[in-house]
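Take a look at the structure below.

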There are 2 protein chains.
Amino acid sequence: MPDPLARKLQHYGPLLDADRLWLADTLGVRRQIAARTDIIMEGEDPRAVNVVLEGWACRYRQLADGRRQIVSLLLPGDSCDPHVFLLDRMDHAICALTPVTLAQIRGPVMQELTARSPNLDYVFHRETLASAAIQREWAVNLGCRTGIERLAHLFCELFTRLSAVGLTKGDTCAFPITQNDLADALGQTSVHINRTLQDLRAAGLITLRSRQLTLHDPERLARLAHFDPAYLHFTVEPIDAGNPIRE
Amino acid sequence: MPDPLARKLQHYGPLLDADRLWLADTLGVRRQIAARTDIIMEGEDPRAVNVVLEGWACRYRQLADGRRQIVSLLLPGDSCDPHVFLLDRMDHAICALTPVTLAQIRGPVMQELTARSPNLDYVFHRETLASAAIQREWAVNLGCRTGIERLAHLFCELFTRLSAVGLTKGDTCAFPITQNDLADALGQTSVHINRTLQDLRAAGLITLRSRQLTLHDPERLARLAHFDPAYLHFTVEPIDAGNPIRE
DNA sequence: CGGCTGGTTGATTGGTTTCAACAAGCGTGG
DNA sequence: CCACGCTTGTTGAAACCAATCAACCAGCCG
């Protein structure tokens, strides 16, 4: 998977050849992050836009007494907000859940990029709006879905997002995070996530084994979860569009 | 309260005199919305940026079976995203919780505004980033705070935000929404909100009567809620800065 | 006055957490 | 190579928080 960023951005609008070239240029320098280490910490001054190229990361907040809430998951192609560097202080931390490969785009570089290409600026804005929509949907998930619906919804969302960057193969995708991470993302305990997983398996809806997730009946799963992909704002439906898999 | 938008924006960066004039111009046309009516519905094409000038509104999503989740509250000065018009379809609805006065800025007007004033563009971007942070904090609230902490946290947040636009008077502010609305915002039932409110009252922390909220001990309330206003990203601390009250 | 909305209370049910223990998988070092 | 320790997943029982259901009250308005 050569360039997940461009791969993802094109779902928010067509990329010009010049845009692709410029993007490829800016992504030159890469950084490797070990699993379970912070990419940026709460309170830090964000000077660059981090773009995940490989692996999964998450934004999280930790309360004084240790409670952790994962507020979003960052998959390959996801960036932590194209305009973060305008703030002086991170209000949350970002942590690698698996080994992660990052590209970092410094603020000024980003500003030059969007100044040169109004099209890229437009696409980045739409990406920001889509991220906001995902964040809202997480609030819906936490606020008014039951345990099994939450988990099902997360599976649907992540599968769709992974599919958009060519990281699914039929009904299967990598799913490299622990039940503990799932618990912290869904506002539940890992014990309960474990039992809910078993319910989903027993219903014949999914298989989750050795970090591989398979959706056996995506439609029924979506119905159970009340999942409607509209909020992802992809211009093309990534699942139905049949993206060629390049590994 | 003459111009809550400018009042709010200045917390994200200084406004130039020219900015204020241009803003005042674009806010010329106003719209009155009755309580309990949708300002924009899910599925609609957002052609303008709605700015709340008076009253409270909310973004919400409603599931097929009737469950409603309020995903954010819009107070005077809040806009529903300076760049919404770039999307073709609302993924959620916005509803007036009280009678609301709106200004509507059409997409092209907004684009001209930010093109003319890089400073305004910067300030709007920071506002967008702050809204995203609030949205994340709501996920934290729903995901890992207890009933009483959630309610306390919401009170702290709303009081701080109202204070930023001069809508507090000492420790008191208007609080015009029902326990049912609170329930839908906090992912609980109105019955439980009611009992939690009584706990907060019994602890001597708040008074909430006839749509007026008073915080008797803001610090203790903040501690109970694990409330840290940093995520609001105000350049000046609105509470401590002692904003002059203009009614 | 009647009807409506919003708030309050009690009893019961049920979904989740908590606590505790154990099994399975995996990398490491003796 | 196996033993060891660590992380991750799994299971059971008890405690608890919050939902549900139902009834009732207070205020407001036509």
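The text below starts with a strand in chain A and ends at the DNA.

This is a predicted model, in which local features need pLDDT of at least 70, side-chain atom pairs count only at pLDDT 80 or more, and totals for chains, interfaces and linings use all residues. Residues are numbered from 1 along each chain as its sequence is written, while chains are lettered from A and ligands numbered from 1 in the order in which they are written.

Start with strand β4 of chain A, residues 57-62. Helices (H or I, at least four residues) and strands (E, at least two) are DSSP runs, numbered from the N terminus. Is β4(A) mostly covered or mostly open? It is mostly covered: 5 of its 6 residues are buried. A buried residue has 20 or more other C-beta atoms within 10 Å of its own, with C-beta atoms placed from the backbone.

Now find the partners of β4(A). Two strands pair if DSSP finds at least two bridges between them. Strand β5(A), residues 68-74, pairs with β4(A) in the antiparallel sense over 6 bridges. Here A:Arg61 has A:Gln69 as its bridge partner.

Move on to DNA strand D. It is surrounded by 14 residues, and A:Thr178 and B:His192 are among the closest. Near means that the C-beta atom, placed from the backbone, lies within 6 Å. Helix α7(A) gives the most to this surface, with 5 residues.

Terms used
A residue is buried if 20 or more other C-beta atoms lie within 10 Å of its own, exposed if 12 or fewer, and partly exposed in between; C-beta atoms are placed from the backbone.
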